[in-house]
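Here's a quick briefing on how this protein packs its inside. Have the model open while you read.

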Amino acid sequence: MPGFAGMLLTMRMLAGLGAAGRVFVRALDRIGALRTLTAPLFARPRSVHRSVIAAFAAELRPRAFVRAAAAARAYDIETWRRVTCPVVAVRGSSDVFAAAADTAGFASRVGGYREGQRDDAGHFAHIERPDVVLAAISSLAPSSAPEPGVHGDPQPDCSPAIRSSHTRVARARSAG
């Protein structure tokens, strides 16, 4: 994946610079160059709010990215078979990190996997199309959640994280 390879090379260089790398990235942001450099992450980079680009500059962790990339080489994709709760994803068609072939891989390993693809989103669909992502998450809301178990507890496939997201979605709906 060329986008990932380019990002990894950049992160390695920035990690090697240490604190100077962070200063450099913030300088790129101040002069407006960071928007151009992050453009491959978005389907419509010009429509991404300035605060998102500023957050990239402030929150960039190049050493962590490099370590995560190294860990990914040894990652066992089969661990996804242990996921028993419903999984919903929104993937942008111009995502430089997630290939279209990944959909089949997850679907074959996660029984409750569903994915929507958007032509108007890149890697960060939650930033470019939060409405679509909220709708996808809402599909997991309590009205579509599994029936309670024998003792009234949620069934095992409804994890605390899913129940928590159900609560947040319900609050967001009631707030308007």
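A ring pair here means Phe, Tyr or Trp rings (for Trp, the six-membered one) with centres within 6.5 Å; planes under 30 degrees apart count as stacked, over 60 as edge-to-face and the rest as tilted. Keep in mind that this is a predicted model: local features need pLDDT of at least 70, side-chain atom pairs count only at pLDDT 80 or more, and totals for chains, interfaces and linings use all residues. Numbering starts from 1 along each chain as its sequence is written, and side-chain values use heavy atoms, with hydrogens and water left out.

**Aromatic pairs**

- Searching the whole structure turns up seven aromatic pairs.
- Phe42 and Phe56 form an edge-to-face pair, because their ring centres sit 6.2 Å apart with the planes at 75°.
- Phe42 belongs to the loop between α3 (33-38) and α4, and Phe56 to helix α4, so this pair ties together parts 14 residues apart in sequence. (Helices are DSSP runs of H or I with at least four residues, strands are E runs of at least two, and both are numbered from the N terminus.)
- Phe42 also pairs with Phe124: the centres are 5.8 Å apart and the planes at 35°, so this one is tilted.
- (Buried is under 20% relative accessible area, exposed over 50%, partly exposed in between, using a 1.4 Å probe and protein chains only.)
- Elsewhere, ring pairs join Phe4, Phe65 and Phe97 into a cluster.

**Nonpolar core**

- A nonpolar core is a set of buried Ala, Val, Leu, Ile, Met, Phe, Trp, Tyr and Cys residues joined through side-chain atoms within 4.5 Å.
- The largest one has 15 residues, and Val25, Leu34, Leu41 and Phe42 have the most contacts inside it.
- Two or more residues each come from α1 (2-17), α2 (19-30) and α4 (50-59), with α4 giving the most, at three.
- Setting aside neighbours within four places in sequence, Val25 is in contact (heavy atoms within 4.5 Å) with Leu14, Leu34, Ala57 and Leu60.

**Helices α1 and α5**

- The axes of α1 and α5 (residues 62-73) come within 8 Å and cross at roughly 130°. (Axes are lines fitted to C-alpha atoms, for helices over the stretch in contact, with angles from 0 to 180 degrees between N-to-C directions.)
- Residues making this contact include Phe4, Met7 and Leu8 of α1 and Phe65, Val66 and Ala69 of α5.
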